[in-house]
Amino acid sequence: MATLDKLTMLHMAVKNMDELKEFYTDKLGFKVNNDYAYDEAHASQAGVPAGSRWISMELPGGGTSINLTNLVENMKPGGMKLYLSTPDIEKACSELESKGVELAHEITHAGWASSFDFLDPEGNQWVVIQSK
């Protein structure tokens, strides 16, 4: 048995928490699990600045959660490349475009998968793939 068995979450440094929360929930369909801001007392206990915040969210199918955070530590906002999967690349592309998501690249078909990509409001790249 492996000691490590799955990736449960990743942190994404962001500048505008509310804008990205809206983008991920309204346009991509993520569900918010938790939205937490540190008050003075909890910030002091955790050793972080008061007002530090994180938002945990995941897709309806479950899996790895994303934690948007303004506790950037060694991360730079807009520097991530993430992948989403879909069983129907054409439908996913049309649905996202109808919600106002602007594609960075149209659908391409490679030997291993079909894909397209877009950027979130802070420049993180999202690649949507349909494996073959």
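Q: Hi! Which element gives the most to the lining of the second largest pocket?
A: Hi! That's β5, which contributes four residues to the lining of the second largest pocket. Keep in mind that this is a predicted model.

Q: Nice. How much space lies in the second largest pocket?
A: About 220 Å³.

Q: And which residues lie nearest its centre?
A: L59, T64, Y83, L84 and W126, out of 13 lining residues for the second largest pocket.

Q: OK, over to the largest pocket. How much space is there?
A: The largest pocket holds about 320 Å³. Its lining has 16 residues, and L28, S85, T86, A92 and E95 are the closest to the centre.

Q: Which elements give two or more residues to that lining?
A: Those are β5 (81-85) and α3 (89-98). The largest share, four residues, is from α3.

Q: What about classes in the largest pocket's lining?
A: Eight nonpolar, three polar and five charged residues.

Q: Changing topic: where is E58?
A: E58 sits in strand β3, which covers residues 53-58.

Q: What is E58 in contact with, leaving aside neighbours within four places in sequence?
A: E58 contacts F30, K31, N33, G63, T64 and S65.

Q: And how far is E58 from Q125?
A: Their C-alpha atoms are separated by 17 Å, with the two residues 67 apart along the chain.

Methods: Residues are numbered from 1 along each chain as its sequence is written. This is a predicted model: local features need pLDDT of at least 70, side-chain atom pairs count only at pLDDT 80 or more; totals for chains, interfaces and linings use all residues. Side-chain values use heavy atoms; hydrogens and water are left out. On a 1 Å grid over the protein atoms alone, a cavity is a set of points where a 1.4 Å probe fits but cannot get out, and a pocket is an open set with protein on both sides within 12 Å along at least five of seven lines; lining residues have an atom within 4 Å of a point. Grid points are joined across faces, edges and corners, and a volume is the space filled by probe spheres set on the points. Ala, Val, Leu, Ile, Met, Phe, Trp, Tyr, Cys and Pro count as nonpolar, Asp, Glu, Lys and Arg as charged, and the others, Gly among them, as polar. Contact means heavy atoms within 4.5 Å.
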